[in-house]
Amino acid sequence: MFLVTVRPGEELWLVGVLVDPKFDGQEWMAAPSDLPIVDITHLRDKLRFATGKGIAGGVSLGAALQTPRAISELDRKLLDDSIARAGAAAPPTTDGTIVVNRRPGDEERMFHHLERAKSGRSACDTCAATIAKGDVRLAEVYMHGDIRTPIYRYHHVPCATTAVPLVLRNALTVLDATSDLAPDRARLLAETGQALDAQRVARRDAFSARIASAQVSREQAIGASAELLAQLDDHPDDPGILEVLADELQARGDPRGELITVQRALAAHPRGGAGARAAERRLGRIARDERVAPVDEASQLAQRSGELIAQLTPQLDAGDRCTWTIGFVRRLELVDKSAERIDEIATLWQHPSLRMLRELRLAWSSARACAPAIPTLVEVLPRTLRRLELGHSADHFLGKVSEVLAALPRLDSLALAGHADFGELAHPTLRRLELVATAYTSYTQAITRLDPRRLPALRSLKLEVADGVDVIAALLAGLAEPAWFTQLDELALATRRFDETVVVALEVALHARKLPRLDLTGSDVPLKLRPRLAKLCVELGFPLAASIVSAEGDQLSVEHTAKPEWGVGKIVKRHDGKLEVKFPTVGIKVFKADAPFLKLS
């Protein structure tokens, strides 16, 4: 794995090479790179990548290289040649620092390191005492305010052991083995390890203290019997249980009881349904600012429901949102979260409105934010969860997701965008798994380590790849090995590029078997491939986007899955992303081209 960075002036630099990196469940690990840092700006127009497209023009170099790229053999040779030339030209070092291929005037080291104090003017950032000239000090790189170049703060090595153990550990890791700057390196590594363990324990103790301070149980806050709530855990939509719960809560003066009654009445109203729920949300927002005169019974119910929801909704960060079902929050979406923020909002999960939470989406603030948050998630996530969505980018490192699964006994659906311990995923009731994959070979291999014996209830698998038919083909080949296709009832594939390569991979992987359902509604599929795909499954979910209709007036058969009584219709016209379909019983109807309820028959 070649690591590069973009420096001021649109310069491309190779900063390291990681050999045979391994994923330990939380992060990718490899031996430290001992190669020189090399200016490879001259290769900008020569690198082609596995796609053959090269680095995009017309945008900044940083923007063009935001996502990892798979390189070609020619790219590898060009990079190896540049490393070899830089290594031959690199001056020998005597101070134990990493070899750096420097240019004239390039004085800064862009990493934490150990060095000898050049004067007696620097002070330790930890204890504020002066660092004597010639003494070994830790130089910690950091950014400050509007200063664009990195600057340093210095520490005595003993002070750094407890104050910034991770920074000192990184500096020791990159230090040359023959350096005299840290003759007691083994002792320092052991002490920094102990300090890091102590910091983790302190964070966990602080977290537990916050949880303990909010230990008024949700059952007491809701004011209902434990037996009734336990029944609702297993049957959250049961009208009989909800009715009893509403009566019990109203008898105690709890507004949630009134909310359940109002929402049930609204759902049963002739003018209820989706329109009334939209009015409920709109009128609830207005009701926080001013009273609105209701115009009829449905509007009265919607307004009162909105008022009660506003009163009972937990306080969330900007950008977060929740979706309500009868009496409780059904779905919660938390975005831009770090591990530290997950710890800080630990008491959120004690809120009574989340007692019956069924769906949770967690999007992270950085690629490595999820893995450190796993222990907290294991402890705080509601055991009522049926669906969990972790991550929003395939390049994220999610960590030991298997530990989270073990803590969620009712989980039915899991969506992962990022690297995880796929080989360890196990759950007795999980029925649907959605994975967002990348072009990394190691990532593809990791996904294929999924074991059907650990996921005995899994019947639906979705694979999403932004742009890579070769990746999907490799995944299909890998999943065929442990006989996944004998267990699945549905396979969904989503990619912007879909060609014959995927069809051939499916044919080989299925070994003449037929999938009960193949869902391609999230892909751009050429219409000419439909007959071959139809032979691979009993039911084919095929996209109805305008791009797959080959010519105006193509007589494609269409069914409305929610209105089977309309019969089988024919597409008679397409325009502006819409389809006109003529049904035998109701005539012509107009739909969005990608409407999910339309199905090619």
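**A walk through the model**

A polar contact of 3.0 Å links the side chains of Glu307 and Arg304. A polar contact is a pair of N or O atoms within 3.5 Å; within protein, one must be able to donate a hydrogen and the other to accept it, and residues adjacent in sequence count only if both atoms are side-chain atoms. This is a predicted model, where local features need pLDDT of at least 70, side-chain atom pairs count only at pLDDT 80 or more, and totals for chains, interfaces and linings use all residues. Residues are numbered from 1 along each chain as its sequence is written, and side-chain values use heavy atoms, leaving out hydrogens and water.

Where is Glu307? Glu307 lies in helix H11, residues 297-312. Helices (H or I, at least four residues) and strands (E, at least two) are DSSP runs, numbered from the N terminus. Glu307 has a relative accessible area of 16%, so Glu307 is buried. Buried means under 20% relative accessible area, exposed means over 50%, and partly exposed is in between (1.4 Å probe, protein chains only).

Now turn to the rings. How many aromatic pairs does a search of the whole structure find? The search finds four. Rings of Phe, Tyr and Trp (its six-membered ring) pair if their centres lie within 6.5 Å; planes under 30 degrees apart count as stacked, over 60 as edge-to-face and the rest as tilted. The ring centres of Phe583 and Phe591 are 6.3 Å apart and the planes stand at 90°, so this pair is edge-to-face. Phe583 and Phe591 are both buried. Phe591 also pairs with Phe597, again edge-to-face, with 5.7 Å from centre to centre and 75° between the planes. Phe591 has a relative accessible area of 10%. Phe597 reaches 31%, so Phe597 is partly exposed. One aromatic cluster is formed by Trp566, Phe583, Phe591 and Phe597.

Gly567 sits in the loop between strand S21 (557-560) and strand S22 (568-575). Its relative accessibility is 26%, so Gly567 counts as partly exposed. Gly567 and Phe583 are 16 residues apart in sequence, but 6.4 Å apart in space, C-alpha to C-alpha. Leaving aside residues up to four places away in sequence, Gly567 touches Val558, Phe583 and Pro584. Contact means heavy atoms within 4.5 Å.

Charges meet rings too. The charged end of Arg137 sits over the ring of Tyr154, 3.7 Å from its centre. Likewise, the charged end of Arg368 sits over the ring of Phe397, 4.3 Å from its centre. Such a charge has NZ of Lys or CZ of Arg within 6 Å of the ring centre and within 35 degrees of the ring normal.

Next come two helices. The axes of H16 (residues 469-480) and H17 (residues 500-510) come within 9 Å and cross at roughly 0°. H16 and H17 are therefore roughly parallel to each other. The residues in contact include Leu476 of H16 and Leu506 of H17. Axes are lines fitted to C-alpha atoms, for helices over the stretch in contact, and angles run from 0 to 180 degrees between N-to-C directions. Angles under 35 degrees count as roughly parallel, over 145 as roughly antiparallel, 65 to 115 as roughly perpendicular and the rest as oblique.

Finally, look at the backbone. Ala512 is not a glycine, yet Ala512 has a positive phi of about 75°. Ala512 is in the loop between H17 and strand S19 (515-519).
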